[in-house]
Amino acid sequence: MPLESETHLSESLRTHPRASLVCPVRGCSGTLIWESSQAICPQGHRFDRAKSGYCNLLQVQERKAKRPGDSKAAVQARRRSLARGLGVALRDALIARVEAWALSAETLVLDAGCGEGYFLEALCSRFGCEGWGVDISTAAIEAAARAYPIARWVVANADRPMPFAAGCFDLITSITARKNPLEFRRLLAPGGHLLMAVAHEDDQRELRGALFGELPDSDRAGATVTAFESLFDLEDEQVVCSRAVLDPMGLKDLLLGSYRGERFSAQEGLAELRTLEVTLSYRLLSFRPR
Ligand SMILES: [Zn+2]
């Protein structure tokens, strides 16, 4: 049975968000009221909330998109990887990075392309901030909402205008996820922070080597800075690196659940894999809006 304080907390999470949601129906833009069973705008557009609490704000045409995001299998693979501890180094680095920004219950955080919610949950648990996770994958958001009622979860396309009012968020995170400079800039409050994790050159180097031979390393961090530099100033960057010994099952989950799973179909190579020590490496970039 939940403690009384937990009951109050989850009740307030259901009904009284501070972030302003905007109705996604074309030409409407009314303020969505986040109620216990639905979100509804003054014009009467309604979006039911699922039993687990999330709300699907994708428009009909977007629901038919060719790439609806991570499949349920990919989400489950990522969950297993996280259960093996593969997210711990990045999670702890994120928390350490934002520690200086004095996040509190007043802070509104958006995680764009939040996946199954691990990193946003960590920030909300640690700092008590109001967290919103957006992902285009219904499977990912469903998993997030079930596991982490501490935050609010919305199915929407982070590559397009997201259903929030301008200047709504104090912190936007994008953890090996979507990069939408214009939209991040629009949604960030004055003085806010943008924190992005991108794969570093040597991320999963051993796995890539075993599956595909030597692949040229791409400078994702450099490309990200270039994409954001007209709207943001790079404030700080650091490399977050860890290593893990993974058996074939662990390697398969890592591949399926990671960003590379979308790009490579490497099922045949996986059958040959033995236990491997794998590098997990990210660059953590923090930006201030100009
Ligand atoms: Zn509306």
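User: Why is H45 called partly exposed, and not buried or exposed?

Analyst: In this predicted model, H45 has a relative accessible area of 25%. Buried means under 20%, and exposed means over 50%. The value for H45 falls in between, so H45 is partly exposed.

User: Why is C23 called buried?

Analyst: C23 has a relative accessible area of 4%. The cut-off for buried is under 20%, so C23 is buried.

User: How do you know which atoms coordinate the zinc ion?

Analyst: Donors are N, O and S atoms within 2.8 Å of the metal. C23 (SG), C28 (SG), C41 (SG) and H45 (ND1) lie at 2.0 to 2.3 Å. These atoms therefore count as donors. Along the sequence, their residues follow the spacing C-x4-C-x12-C-x3-H.

User: What makes C23 and H45 a link between parts of the chain?

Analyst: C23 sits in the loop between strand 1 (21-22) and strand 2 (31-34). H45 sits in the loop between strand 3 (38-40) and strand 4 (46-48). The pair therefore ties together parts 22 residues apart in sequence.

User: What makes the arrangement around the zinc ion tetrahedral?

Analyst: The four donor atoms subtend angles of 101 to 119 degrees. Tetrahedral requires all angles between 85 and 135 degrees, so the arrangement qualifies. The ideal angle for four tetrahedral donors is 109.5 degrees.

User: Which residues have the most contacts inside the largest nonpolar core?

Analyst: They are L90, V98, L103, W153, L171 and L284, in a core of 47 residues. Helix 5 (residues 118-127) gives the largest share, seven residues. Another core, of 36 residues, lies apart from it and includes A19 and L32.

Methods: Residues numbered from 1 in each chain as written. Predicted model: local features only at pLDDT ≥ 70, side-chain atom pairs only at ≥ 80, totals over all residues. Heavy atoms only, no water. Core = buried A, V, L, I, M, F, W, Y, C linked by side-chain atoms within 4.5 Å. Buried < 20%, exposed > 50% of the residue type's maximum accessible area, 1.4 Å probe, protein only. Helix = DSSP H or I, 4+ residues; strand = E, 2+ residues; numbered from the N terminus. Donors = N, O, S within 2.8 Å, 3.2 Å for Na, K, Ca; no water. Tetrahedral: all angles 85-135°; square planar, octahedral: opposite > 155°, others 65-115°.
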